[in-house]
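Here are my notes on the model, point by point. Please read them with the structure open.

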Amino acid sequence: GAGVELKTVRTAEAFIMEKDDPIVTSLRGSYQIATGKELPLGGVSIVGDGSKFINIAGIPTVYHGIDGSTAHSDLEYIHLDDFVRATKVYLGTALNFLQ
């Protein structure tokens with residue numbers, strides 16, 4: 001006999017970056033240097049702060065990371081080699097972008 005009322009709140013706005021934007025080319029170039037492979041362009045359906053950076057503050061934003069298959073699980077972990085690769089890509093992206 002209890003009533004339920006559901007209210008939804010939008011938590012983030014979508015955004016898109018152009019493939020030739022400097023932050024995108026910096027990320028893809030750093031990935032290629034770190035792995036020897038080309039990073040394909042793509043999108044993700046996640047909620048994060050990236051949309052706030054770009055939509056509110058105008059800060060160029062990309063998402064890139066590690067295998068998240070165990071994220072938010074009882075046994076959450078990442079593989080060390082994935083962590084090392086991601087670190088190389090993050091540092092390379094920052095250095096390339098800021099040049």
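1. Aspartate 49 has a relative accessibility of 44%, so it counts as partly exposed. The classes used throughout are buried (under 20% relative accessible area), exposed (over 50%) and partly exposed in between, with a 1.4 Å probe and protein chains only. Aspartate 49 is in a salt bridge with lysine 52, and the closest N and O atoms are 3.5 Å apart. Lysine 52 is also partly exposed, at 42%. A salt bridge here is a side-chain nitrogen of Lys or Arg within 4 Å of a carboxyl oxygen of Asp or Glu.

2. A word on the basis of these notes. This is a predicted model: local features need pLDDT of at least 70, side-chain atom pairs count only at pLDDT 80 or more, and totals for chains, interfaces and linings use all residues. Numbering starts from 1 along each chain as its sequence is written, and side-chain values use heavy atoms, leaving out hydrogens and water.

3. How many salt bridges does the rule give? The count comes to four. One of them joins arginine 28 to glutamate 38, with the closest N and O atoms 3.1 Å apart. This pair links distant parts of the chain: arginine 28 sits in helix 1, glutamate 38 in the loop between helix 1 and helix 2, and they are 10 residues apart. Helices are DSSP runs (H or I, at least four residues), numbered from the N terminus. Arginine 28 is partly exposed, with a relative accessible area of 21%. Glutamate 38 is exposed, at 59%.

4. Glutamate 5 and lysine 7 also form a salt bridge, at 3.8 Å from N to O. Both residues are exposed. As background, side chains of opposite charge can pair when their charged atoms come close.

5. Which residues make the aromatic pair? The structure holds one such pair. Phenylalanine 15 and tyrosine 63 form it; the pair is tilted, with 6.1 Å centre to centre and 40° between the planes. The pair ties together parts that are 48 residues apart in sequence, because phenylalanine 15 lies in the segment before helix 1 and tyrosine 63 in the loop between helix 2 and helix 3. The rule for Phe, Tyr and Trp (its six-membered ring) asks for ring centres within 6.5 Å; planes under 30 degrees apart count as stacked, over 60 as edge-to-face and the rest as tilted. Phenylalanine 15 is partly exposed, at 28% relative accessibility. Tyrosine 63 is partly exposed too, at 35%.

6. Next, helix 3. This helix has 19 residues and reaches 27 Å from its first C-alpha to its last, close to the 27 Å expected at 1.5 Å a residue. The expected span is 1.5 Å times one less than the number of residues. Its buried residues are Asp82, Arg85, Ala86, Val89, Gly92 and Thr93. They cover an arc of only 135° around the axis, which puts them on the same side of helix 3. The arc is that of the directions from the helix axis to the C-beta atoms. An α-helix has 3.6 residues a turn, so residues three or four places apart point the same way.

7. What do the buried residues of helix 3 pack against? They pack against helix 1. Contact means heavy atoms within 4.5 Å. The face turned away from the buried side carries the exposed residues Leu80, Lys88, Leu91, Leu95 and Leu98.

8. Aspartate 82 deserves a look. It is found in helix 3 and is buried, with a relative accessible area of 17%. Its side chain reaches the backbone nitrogen of aspartate 67 at 2.8 Å. Leaving out residues up to four places away in sequence, aspartate 82 touches Ile66 and Asp67.

9. Now the loop between helix 2 and helix 3. Threonine 70 is placed there. At 13% relative accessibility, threonine 70 counts as buried. Threonine 70 touches Leu75, Glu76 and Tyr77, again not counting residues up to four places away in sequence. Histidine 72 lies in this loop as well, between helix 2 (50–55) and helix 3 (80–98). Histidine 72 is exposed, at 77%. Please check its backbone: phi is near 60°, a positive value in a residue other than glycine.

10. Last, proline 22. It lies in helix 1 (residues 22–35) and is partly exposed, with a relative accessible area of 48%. Proline 22 and isoleucine 78 are 56 residues apart in sequence and 29 Å apart in space, C-alpha to C-alpha.

Note on methods: Helices (H or I, at least four residues) and strands (E, at least two) are DSSP runs, numbered from the N terminus. A polar contact is a pair of N or O atoms within 3.5 Å; within protein, one must be able to donate a hydrogen and the other to accept it, and residues adjacent in sequence count only if both atoms are side-chain atoms.
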